[in-house]
Amino acid sequence: MSGALILQDLRIDQGTTPVVALNQSVAPGEVLTIMGPSGSGKSTALSAILGTLAPAFRQQGRIILAGRDITALPPHQRRVGLLFQDDVLFPHLSVGANLAFALPPTIKGRAARRALVDAALDQAELSGFASRDPATLSGGQRARVALMRTLLAQPCALLLDEPFSRLDASLRSQIRSFVLSRIRQKGLAAILVTHDAEDAHAAGGPVISPLGQPVTL
Ligand SMILES: Nc1ncnc2c1ncn2[C@@H]1O[C@H](COP(=O)(O)OP(=O)(O)OP(=O)(O)O)[C@@H](O)[C@H]1O
């Protein structure tokens with residue numbers, strides 16, 4: 001299911017200091033980029049959307065995803081996926097089992113679950129990798145499996161927290177294109193947090209600070 005992610009006067013304060021102030025609508029398939037110096041509130045904005053904001057902060061405003069007000073929902077009911085730089089696969093599970101673990105429990109039956117895992121591996125150009133040990137994958141292969149695992153949970157929106165920063169330059173642009181093409185193909189509303197102007201440029205959407213000011217690249 002896809003739909004817009006609407007941050008309606010989302011405001012997060014720490015004491016009397018505003019950390020996040022966003023009034024923004026992200027269309028299906030669009031990527032909003034949030035940039036800013038260390039400590040400026042980028043991760044705080046993502047935590048609020050995920051539903052994991054620390055108690056030290058005060059939150060106001062509403063978060064609407066695909067027509068549903070998710071502001072007060074617990075994280076597992078929000079259908080918001082997260083991809084981050086240290087995304088690790090479970091080392092004791094095969095690649096296929098790592099992917100199957102992410103599938104919603106509503107998808108029943110071994111054959112149906114297996115078919116979805118195989119289709120995800122195909123899309124990641126990793127057909128035949130289901131029984132592989134994650135430790136035997138290259139960095140790029142691991143990054144593609146981590147993305148497919150996030151997508152198999154069938155999120156409506158995808159948050160990307162510096163997801164490419166551990167990859168070297170050539171792999172970075174390859175994985176970035178792969179991630180962006182999946183976002184467009186699935187029509188996911190996405191928010192990218194990055195320090196990298198090239199990432200922001202490739203994302204193609206608006207670029208703003210956690211306080212909602214436009215950022216010039
Ligand atoms: N759990 C917490 N409890 C209290 N204050 C916090 C907590 N997490 C972050 N902060 C503070 O909130 C502010 C925003 O932090 P945040 O992590 O959102 O910044 P950031 O832009 O993501 O930084 P970085 O680029 O370094 O990851 C900072 O002043 C930080 O010290």
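The crossing of α4 and α5 is right-handed, and by right-handed I mean that the near helix is turned clockwise from the far one by less than a right angle, with anticlockwise giving left-handed. The contact here is made by Gly 139, Gly 140, Ala 143, Arg 144, Leu 147 and Leu 151 of α4, and by Leu 171, Gln 174, Ile 175, Phe 178, Val 179, Arg 182 and Lys 186 of α5. When I say contact, I mean that the C-beta atoms of two residues, placed from the backbone, lie within 7 Å. Sorted by class, this contact has seven nonpolar, three polar and three charged residues. For the classes, Ala, Val, Leu, Ile, Met, Phe, Trp, Tyr, Cys and Pro are nonpolar, Asp, Glu, Lys and Arg are charged, and the others, Gly among them, are polar.

Before I go on, please keep in mind that this is a predicted model: local features need pLDDT of at least 70, side-chain atom pairs count only at pLDDT 80 or more, and totals for chains, interfaces and linings use all residues. Residue numbers start from 1 along each chain as its sequence is written.

Now, how are α4 and α5 arranged? They pack at an angle of about 20°, with their axes 10 Å apart. The axes are lines fitted to C-alpha atoms, for helices over the stretch in contact, and angles run from 0 to 180 degrees between N-to-C directions. The two helices are therefore roughly parallel to each other; that label covers angles under 35 degrees, while over 145 is roughly antiparallel, 65 to 115 roughly perpendicular and the rest oblique. The helices themselves are DSSP runs (H or I, at least four residues; strands are E, at least two), numbered from the N terminus.

Let's bring in the domains. The assignment, which is automatic or from a database, gives domain 1 (1-79 + 155-217) and domain 2 (91-154). Their centres, taken over C-alpha atoms, are separated by 25 Å. Domain 1 puts 10 residues into the contact and domain 2 puts in nine residues. On the domain 1 side, helix α5 (residues 169-186) supplies the largest share, seven residues. That side has seven nonpolar, one polar and two charged residues.

Next, α2. Helix α2 (residues 95-102) packs with helix α4 (residues 139-152) at an angle of about 30°, their axes 7 Å apart, which means α2 is roughly parallel to α4. Val 95, Asn 98, Leu 99 and Ala 102 of α2 meet Val 145, Met 148, Arg 149 and Leu 152 of α4.

What about α2 and helix α3 (residues 110-123)? Here the angle is about 115°, with the axes 9 Å apart, so α2 is roughly perpendicular to α3. Leu 99 turns up again, with Gly 96 and Ala 100, facing Arg 113, Val 117 and Ala 120 in α3.

Finally, the ligand. Which residues are around it? Gln 14, Val 19, Gly 36, Ser 38, Gly 39, Ser 40, Gly 41, Lys 42, Ser 43, Thr 44, Ala 54 and Ala 56, each with its C-beta atom, placed from the backbone, within 6 Å of the ligand. Helix α1 (residues 42-50) gives the largest share of this shell, three residues. By class, the shell divides into three nonpolar, eight polar and one charged.
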